[in-house]
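Please read the sequence and look at the structure shown here before going on.

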Amino acid sequence: MGQYNGDPPVLLRMRGIVKRFPGVRALDGVDLDVRPGEVHCLLGQNGAGKSTLIKVLAGAHRPDEGEITFGGEPFAPATPTAAMRAGIATIYQELDLVDGLSVTDNVFLGHERSRLGFTRREEGDRRARELLARLGHGEIPPRREAGRLPAAGRQVVSMARALSHEARLIVMDEPSAALAHDEVDNLFRIIRELTREGVAVVYISHRLAEIREIGDRVTVLKDGRTVARDLPARTTPTNEIVALMTGRDIEHAFPDRPAPDAFDDRPEVLRVEGLTLPGSFEDVSFAVRAGEIVGLAGLVGSGRSEILETVYGARRATAGRVLIDGRPVRPGSPGAAVRRGMGLAPEERKSQALLLDQSVAANMSMAGLDRYSAFGWLNRRRERADVRAQIAALDIRPPDPDRPVATLSGGNQQKVVLARWLLGDRRLLVLDEPTRGVDVGARAELYGVVRELAARGIGVLLVSSEVPEVLGLADRVLVVREGRIVHEGDARGLDEPAVLNLIMEGSAL
Ligand SMILES: Nc1ncnc2c1ncn2[C@@H]1O[C@H](COP(=O)(O)OP(=O)(O)OP(=O)(O)O)[C@@H](O)[C@H]1O
Ligand SMILES: [Mg+2]
């Protein structure tokens, strides 16, 4: 390899990048080379520094040390607008669209109006529609408020903005996390088109399968440093990548399971009877026994998430009922479900679950408050000890209970939400996509914690779009297709092809 065998010259070169926050060195000497037309994947555990690095590139953070060249020129953007105008566009983990503005206004945000060469609204809408159409989404209405689009649509608008700036480098921070399967396919199609035109893409994801599919080369970060550079994305063995990320080999991702008949004489903590929500699902019945982990598998739109949301009261069924410990729960009230011992980690954690400016400890102990108050006093000491134990169990980084949640990396924020429910005395845990955005090492830890809770007698109901996760963690699997349960059985009797076939065709292979 090298500059004499026809590799294109480096487009972006970062050397020795350091970024400090009070008490943390988020970046501690990062090197990165990106070439035109390649998809360069950035891998690393939660908190490794990936998002911080791209915020440096995007002009959102100023590095304390290090050198950057872009297109051969020194590059030190003072603001996000400056970075965008220089040709680097960023699609953030939390999309930075302005909700109250129209699609068109968001697409052309950051441009100097006078340079755009159009002043009329119709012309702006037309140009926006052109860009959206190039991305395969000409149907998005330019006048619609961005805040009213679904996640996939918002991402396309963010991408259209990148095109409007004729970006030569597009950075994507976990772009697939909020997308369904076919939306990810569309995203990959767009990426392939852009790279064919010579645009470089920096791609961040915790899903190795995606790296294999779309990536050309990989750079691995660990604790704010580059530990490996320019590995081939398709052929580098998984255990090598994981070992680089974590500093150890993860052999068994999933904990051992009890025997299939272990639950036969255990009481039912959850019973769902004939639950129906027209348009979503019909006549759904199942039970979760104490100590058992039950997984729901199905496509997005199959009704699996709606079933879960109805079980915990976020939606109200038109027929059927939900029972906890044999007693019906008041329908349509998550509060009632929580009071009866249900813990839930919803899919949209940012908006539904976290108080971002409050501390890790405050966010964690929210659900278990009654547990720490005796005679009206909070038992601070016990709370502290429990919070620390959870921080250690889930490897939350940095391990500081007083840090505001807003300053944690995306994956560590997820762990805080989960820890909250693991803290309270729960009868039943309802987990919706529990490992979204969580790195491979922490996933294994999380699986271990869930299994341990089950071993203590808690029932677990799990939804995940990653079939291997459902198969590896659950005792029993329910396959949902078009709003009905089409299969119910022991997880050990199923493999991924069989489940995918059930999900799509309604029959086993
Ligand atoms: N504004 C901030 N103030 C203080 N610390 C911060 C801030 N932003 C990030 N950090 C810290 O910097 C480190 C790197 O965080 P970063 O968000 O870059 O991780 P990441 O690799 O993107 O992780 P994830 O996979 O979880 O998204 C973490 O320890 C994080 O807590
Ligand atoms: Mg991140």
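How many bridges join strand S11 to strand S12? The number is 6, and the two strands, residues 268-277 and residues 281-289, run antiparallel. This is a predicted model, in which local features need pLDDT of at least 70 and side-chain atom pairs count only at pLDDT 80 or more, while totals for chains, interfaces and linings use all residues. Residues are numbered from 1 along each chain as its sequence is written, chains are lettered from A and ligands numbered from 1 in the order in which they are written, and side-chain values use heavy atoms, with hydrogens and water left out.

Helices (H or I, at least four residues) and strands (E, at least two) are DSSP runs, numbered from the N terminus. Two strands pair if DSSP finds at least two bridges between them.

Another group of strands is an open sheet of 4, in the order S2-S1-S4-S5, with antiparallel pairing. Its edge strands, each pairing on one side only, are S2 and strand S5 (73-74). Strand S1 (residues 12-21) is joined to strand S4 (residues 65-70) by 5 bridges, and Val18 stands opposite Glu65 in S4. S1 also pairs with S2, over 8 bridges, and here Arg20 stands opposite Arg25 in S2. The hairpin of S1 and S2 has 2 residues between the strands, and Gly23 takes a positive phi near 85°.

Next comes the ligand. There are 22 residues around ligand 1, where a residue counts if one of its heavy atoms lies within 4 Å. Gly47, Lys50, Thr52, Ser409 and Gly411 come nearest. By class, the shell has 6 nonpolar, 13 polar and 3 charged residues; Ala, Val, Leu, Ile, Met, Phe, Trp, Tyr, Cys and Pro count as nonpolar, Asp, Glu, Lys and Arg as charged, and the others, Gly among them, as polar.

Which side chains have an N or O atom 2.8 Å or 2.9 Å from an oxygen atom of ligand 1? For Ser51 the distance is 2.8 Å, and for His206 it is 2.9 Å. An N or O atom in the side chain of Ser409 is 2.6 Å from an oxygen atom of ligand 1. The elements that give two or more residues to the shell around ligand 1 are strand S2 (24-34), helix H1 (50-57) and helix H16 (410-423).

Technical notes:
A polar contact is a pair of N or O atoms within 3.5 Å; within protein, one must be able to donate a hydrogen and the other to accept it, and residues adjacent in sequence count only if both atoms are side-chain atoms.
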